[in-house]
Amino acid sequence: MEFGILYHPRKPESLPLAQEIARWLREKGHETWQASNWDTAEVHRRTAVSHLLIVLGGDGSILRAARCAVPYDTPLLGVNLGRVGFLSEAEPTNWADVIQQFLDQEYWLEQRLMLKGCVERDGMLLGDEYMALNEFVISGTRARVVHLELAVDGDHITTYTADGLIAATPTGSTAYSMAAGGPLLPPELRNFLLHPVAPYLSLDRALVLHEEARAVIRVNSDQEAYLMADGQEAILLQNHDQVIITKHEHVAQFVRVGPSSYFYRRLLQRLGFERSEP
């Protein structure tokens, strides 16, 4: 098998660990390659023929790697070098045990919903489609509210006056949406949610949509607004632009070696809460 190992260029411990994992895999007869997680072109080129991407870093590193892996249905295995590590399956202390379980076929694949977003201006789609594993965010600038009209499946739902609007996957429900007071969704749920940020005299509850929903958010404001995908790309929006959000045709796949009930236990641990014993 061929394994890609992605290291974080700004974490000093990441490259030595990548080299150690590569040596360990080669001793077992497998092919490996290493690349910076920021070298998107190289990662795309090599991922197409890889059986697994091992990502060394935090959740941000995994989000970046997912956008490269998803088009090729290549699964990911995160080794946590970050602060939280919601998406990781291994730690620097147990990566060999986890990878060995993958080699022994003692794992399962967790499939997580991705979102697709595009911008329509004057009836024409602009540029490329964007993908997000966590969320799309439409927001204003300089602490000014934006006015956003929401339609779902062709029906007008509401108009938000808010700092912004989050369109989050279940994965993203533990990120910005959670910080803004949104609900937590288990990772394999096939739904996504829309959650306003600091709404003013408008709907202040999150809406949970079915996976086939088509959400259209129309910018109705003279103030500048931006669309961001997983906090990575910022697209300047004009007045009357429409952001169209649907599920992506691909899913992100994560290697898991523990029980499928891991999510709630890990969530409480990562948030610093002690789990109550029965």
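At what angle do helix H1 and helix H4 pack? In this predicted model, in which local features need pLDDT of at least 70, side-chain atom pairs count only at pLDDT 80 or more, and totals for chains, interfaces and linings use all residues, the answer is about 40°, with the axes 12 Å apart. Residues are numbered from 1 along each chain as its sequence is written, and side-chain values use heavy atoms, with hydrogens and water left out.

H1 covers residues 14–27 and H4 residues 95–103; helices (H or I, at least four residues) and strands (E, at least two) are DSSP runs numbered from the N terminus. Axes are lines fitted to C-alpha atoms, for helices over the stretch in contact, and angles run from 0 to 180 degrees between N-to-C directions. The two helices, H1 and H4, are therefore oblique to each other (under 35 degrees is roughly parallel, over 145 roughly antiparallel, 65 to 115 roughly perpendicular, and the rest oblique). On the H1 side, Leu17, Glu20, Ile21, Trp24 and Leu25 meet Trp95, Ala96, Ile99, Gln100 and Leu103 of H4, where contact means heavy atoms within 4.5 Å.

Turning to the strands, an open sheet is built from 6 of them in the order S12-S11-S10-S7-S14-S15, with antiparallel pairing (two strands pair if DSSP finds at least two bridges between them). S12 (207–210) and S15 (233–237) are the edge strands, each with a single partner, so one side of each has no neighbour in the sheet. From one strand to the next, the twist averages 20°. Within this sheet, S7 (residues 135–140) and S14 (residues 225–229) pair in the antiparallel sense over 5 bridges; Phe136 has Ala229 in S14 as its bridge partner.
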